[in-house]
Amino acid sequence: MTLLQVDNLGRRYGGLHALQGVTLAVPVGARHGIIGPNGAGKSTLLNLIAGTVRPSTGTIVFDGKDLARLGPAARARRGIGRTWQHPAVFRRLTVTANVTLAVTRHALRAPARRPAVAARVQEVLERTGLTEHAAVPAGQLPYGLQRLLEFAVMLAAGPRLLLLDEPSAGLDPEETARLRAAVGALPEDVTTLLIDHNLDLVWSVCDTVTVLAQGRHLITGAPDAVRADESVRAAYLNVPAVPSAAARPVRTGRPLLRVTGLRAGYHGADVLSELELEIAEGDLVAVLGRNGAGKTTLLNALTGLVPTKPPTRIELDGTVLPPGRPHRVARAGVAIVPQGRRLFALTVAEHLEIAEATARRGDVYWTRAKVLELLPALAGRLSHHATRLSGGEQQMLALARALLTNPRLLILDEPSEGLAPAVVAHLATTLGVIASSGVTVLMAEQNLDLALRVTDRVLVLAEGRIALRSPVASLDRDRLHELVGA
Amino acid sequence: MTTTLSRPGVLPAVPVRPLVFAGTVTVCVALPWIVGAYQISLAASALVLGTLAMSTQLLVGVTGLPAFGQAAYFGVGAYTAALLANAGVTAGPVHLVAAASTGAAAALATAPIVLRTRATTFMMVTFAVQSLTATLASKWKPVTNGDDGLHTPAVRPWPGGPALTVNGFTYLYVLAAVLLLGLLMAVLLRSRLGLVLRGNADHEQRMAALGHRVTGELTLGYVAAGAFAGAGGALLIAVNRYVSPADMGFEVAAVTLLAAAIGAGSMTGAVVGAALVVFARDYLGGSTEHGPAFLGILFLLVAYGRPLVKRLRS
């Protein structure tokens with residue numbers, strides 16, 4: 001029996017067809033994956049079904065009812081539940097309160113009386129293993145637990161159709177395995193529509209896969225058939241060869257960044273304690289570790305975005321970087337591509353202009369022309385607003401913005417998050433080119449393949465300390481997998 | 001009330017808050033025997049403004065809607081009580097119920113316009129509601145007597161009770177009413193509606209995706225806030241025995257928002273904020289004629305002090 005029928009669905013933004021003529025039939029209990037390059041229209045499709053975006057053409061029928069006139073809340077009451085690319089939880093409310101808000105009378109199919117609600121909340125917390133965090137405000141949970149909470153909140157509303165928008169984004173390997181188990185453990189009559197760039201997850205979880213490319217439907221079929229399809233390979237899976245790090249000349253450069261006694265944290269508790277670190281000029285270094293190990297805190301402490309505590313000392317080429325002064329750190333030559341990109345509400349050209357204005361004085365290597373040559377996708381989009389770019393283009397813009405300041409040290413936080421395989425491959429190439437121009441690169445990454453392919457050295461963080469530091473060439477892979485939970 | 005309570009491991013084992021609360025209430029009750037008539041009338045004014053600040057805080061601090069216009073519903077309540085008193089109904093509790101009802105009705109009538117917007121636009125629209133209502137009060141002379149305002153006979157604490165003409169008694173009546181309103185507010189904040197309003201403040205889209213009728217829920221919150229503001233208006237009549245368009249004017253709206261801001265999201269904080277505003281503007285200002293300057297300093301202290309308090313807490 002078909003639960004969701006999508007016919008000739010389309011959505012235009014001005015002259016841009018985000019989605020065009022897509023037809024899909026999803027039967028009850030299906031595990032339906034949707035993959036495709038960045039900008040293929042996957043999130044648009046999901047938002048159209050959830051009702052947060054209105055279609056330009058076509059119809060959506062859910063459980064025999066045309067959804068055209070229903071808003072997001074009415075669709076939710078009919079049994080459509082969803083997650084967002086960035087966990088949508090009530091950050092100031094406790095975990096218990098988060099789940100309580102999901103237990104409405106629609107979810108209970110009975111009046112929402114206190115004892116009944118409390119019992120359901122208790123049950124959900126126990127089933128998801130969140131009981132021990134029940135009194136913690138959601139915003140203070142580590143990222144992985146926020147994802148888990150969002151999943152629990154969605155399930156507590158008792159949906160029949162789940163719309164999952166990149167649920168594995170930002171999860172470490174162990175958390176991804178837990179997500180896979182959670183999706184696998186869903187009741188059989190719950191239907192799932194899953195968007196994700198983690199193809200291993202999609203192949204293992206889904207029974208049907210649809211590929212979108214440039215807003216159009218390419219193919220729908222069983223995972224094996226889709227993997228074997230030539231047009232899919234061409235549009236999406238084909239990963240061009242990437243120059244491996246070993247191809248670059250080995251550097252014996254002097255130390256560029258020297259960190260001693262680094263302590264940083266939030267709300268009194270130290271995330272990083274007495275961390276020592278040295279990075280040589282021209283190195284390409286990966287910071288690995290589980291979520292919550294302190295990777296983002298380390299990167300933000302280096303850029304001055306997170307306050308540090310004594311006896312922290314951060315030196316760039318012998319000059320002490322002032323703690324808690326991000327603009328002075330930036331002027332000294334440290335640029336960051338933050339997690340989630342953090343772009344401005346400006347056009348591409350304006351982003352570039354702002355970055356150029358704060359470029360480090362002295363020899364300017366990365367000019368606008370050079371950057372656009374390196375990231376050609378941006379050249380045709382100079383007048384576009386950053387919000388209208390695809391995920392891949394946004395990441396390129398964040399990179400361009402950092403590069404135009406002509407940094408000596410380029411820091412990237414989870415650059416591959418939310419990127420399609422082909423874009424990740426392009427990113428790898430790009431980082432190689434940047435490093436060979438003499439810029440030192442430090443990146444935190446969950447994508448081990450990318451990290452090990454691109455970098456020369458890895459640092460593995462565990463519980464706020466560096467548990468392993470090693471050149472990639474002589475890396476103890478078993479120890480690494482043990483530390484990151486792969 | 002919420003932010004400070006939810007920090008585990010910070011509170012000592014002794015129940016400090018109930019003790020402080022009980023102590024404060026005791027001092028408030030004993031106040032007429034401690035200070036003079038002028039100070040008592042100021043304290044009564046502070047309580048009235050405190051009620052209005054609670055109403056504002058329900059929207060600003062709890063629901064995340066920057067409401068500037070609660071003075072409008074306050075005015076509706078005040079005129080309701082004044083008209084009743086002039087028609088011979090002088091029982092305070094009747095005033096409270098009637099004013100809360102008209103305040104709520106006015107909020108319900110304006111909610112569809114106001115709740116179309118959020119953030120700065122919301123603030124502008126509520127500002128428009130406030131100034132239009134104040135203008136209406138000034139122009140609708142047959143009912144409101146225009147800018148001259150309405151004088152009323154003294155309010156009685158219960159039907160047939162003594163007229164509240166002595167400052168001390170008026171103050172005690174207002175204090176009792178405000179404690180009752182505070183209790184109602186505490187119940188509301190702990191109710192399902194309270195949780196739902198907080199949820200909407202945090203992530204409205206998520207609420208909709210869980211099937212919540214967001215606009216309906218926000219309307220309920222807005223109407224409840226209107227009822228509290230209206231009740232505050234009834235208390236204004238008990239204290240001043242007079243109402244004019246100035247009582248729902250721009251300045252009242254601004255200092256109410258200031259009181260809520262001083263409260264930093266907490267309901268008791270909003271009442272304390274209202275007391276601080278009256279203290280700075282009328283008590284300090286009354287003896288030195290520099291009231292506006294003290295109020296300005298208070299504004300600046302809030303603007304610069306709140307980030308400081310946040311940093312100290314973390």
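Author: Counted over all chains, the structure holds 21 salt bridges (a side-chain nitrogen of Lys or Arg within 4 Å of a carboxyl oxygen of Asp or Glu). This is a predicted model, in which local features need pLDDT of at least 70 and side-chain atom pairs count only at pLDDT 80 or more, while totals for chains, interfaces and linings use all residues. Side-chain values rest on heavy atoms without hydrogens or water, residues are numbered from 1 along each chain as written, and chains are lettered from A and ligands numbered from 1 in written order.

One of the salt bridges lies within chain A, where Arg254(A) pairs with Asp317(A) and the closest N and O atoms are 3.1 Å apart. This pair links distant parts of the chain, 63 residues apart, since Arg254(A) sits in the loop between α10 (230-237) and β11 (255-266) of chain A, and Asp317(A) in the loop between β15 (313-316) and β16 (319-320) of chain A (DSSP runs numbered from the N terminus, helices H or I of at least four residues and strands E of at least two).

Turning to the interface of chain B and chain A, the rule finds 2 salt bridges across it. One of them joins Glu150(A) to Arg206(B), with 3.3 Å between the closest N and O atoms. The contact (heavy atoms within 4.5 Å) takes 29 residues from chain A and 20 residues from chain B. The area buried between the two chains (accessible area lost on being put together, 1.4 Å probe, summed over both) is about 2100 Å², and carbon and sulfur atoms give 57% of this area.

Within chain B, the axes of helix α1 (residues 16-34) and helix α7 (residues 167-190) come within 9 Å and cross at roughly 165° (lines fitted to C-alpha atoms over the stretch in contact, angles from 0 to 180 degrees between N-to-C directions). From α1(B), the residues Val25(B), Cys28(B), Val29(B), Leu31(B), Pro32(B) and Trp33(B) meet Gly168(B), Tyr171(B), Leu172(B), Leu175(B) and Leu179(B) of α7(B).
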